[in-house]
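Q: Could you take me through this structure feature by feature, giving the general idea before the particular case?

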Amino acid sequence: MIKARCYRCGNPFTLTEQFVSNALAAQGVTAKPTHYATECPRCRHVNKLSLGRAHLPEPEPPAPAGSAEP
Ligand SMILES: [Zn+2]
C-alpha cells in the first residue's frame, strides 16, 4: 500500500501498488516514474505521490468484457 495525504484538505488515503501499476500502464507509461499524480478522493485536488520506495508489480492486463480468452 502507498500511503498518501492530501496537500489541500489533509485527507489521508491509500493506493495499492497494483492500482498505480495498472493506471500507469493504461497511460502508456512503461518505465516507473518518480511520481504518480492522483486525485484526492475527497476534494479532487491532484497530489503527486513519490514512488521512490514503491515496488510496482506487473500491470494486470485489462479484461475485455465478453472476451472468450482465459
Ligand atoms: Zn483533499
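A: Let us begin with a hairpin: in the one formed by β3 and β4, six residues lie between the strands, and R44 takes a positive phi near 70°. The model is a predicted one, in which local features need pLDDT of at least 70 and side-chain atom pairs count only at pLDDT 80 or more, whereas totals for chains, interfaces and linings use all residues. Residues are numbered from 1 along each chain as its sequence is written.

Q: How are the elements defined, and which elements does the protein have, in what order from the N terminus?
A: Helices (H or I, at least four residues) and strands (E, at least two) are DSSP runs, numbered from the N terminus. The protein has one helix and four strands, and from the N terminus on these elements run β-β-α-β-β. With a radius of gyration of 14 Å, well over the 11 Å that the globule rule gives for 70 residues, the protein is more spread out than a compact globule; the radius is taken over C-alpha atoms, and the rule is 2.2 Å times the number of residues to the power 0.38. The C-alpha trace spans about 45 × 25 × 20 Å along its principal axes.

Q: In what sense do β3 and β4 pair, and over how many bridges?
A: Two strands pair if DSSP finds at least two bridges between them. Here β3 (residues 35-39) and β4 (residues 46-50) pair in the antiparallel sense over five bridges. H35 has S50 as its bridge partner in β4, while T38 stands opposite N47 in β4.

Q: Why does R44 count as exposed, and what is to be noted about its phi?
A: Exposure is read from C-beta atoms, placed from the backbone: a residue is buried if 20 or more other C-beta atoms lie within 10 Å of its own, exposed if 12 or fewer, and partly exposed in between. R44, in the loop between β3 and β4, counts as exposed because it has 10 C-beta neighbours inside 10 Å. Its phi is positive, about 70°, although R44 is not a glycine. P41 lies in that loop between β3 and β4 and is exposed, with 10 other C-beta atoms within 10 Å. The C-alpha atoms of P41 and C6 are separated by 9.0 Å, with the two residues 35 apart along the chain.

Q: Which contacts do K48 and L51 make?
A: Leaving aside residues up to four places away in sequence, K48 touches H35 and A37. K48 is in strand β4 and counts as partly exposed, with 13 C-beta neighbours inside 10 Å; its C-alpha atom is separated by 10.0 Å from that of R5, 43 residues apart along the chain. L51, in the segment after β4, is in contact with K32, P33, T34, H35 and Y36, its neighbours within four places in sequence being left aside. L51 also counts as partly exposed, with 18 C-beta neighbours inside 10 Å, and the C-alpha atoms of L51 and H35, 16 residues apart along the chain, are separated by 5.3 Å.

Definitions and conventions. Two residues are in contact if their C-beta atoms, placed from the backbone, lie within 7 Å.
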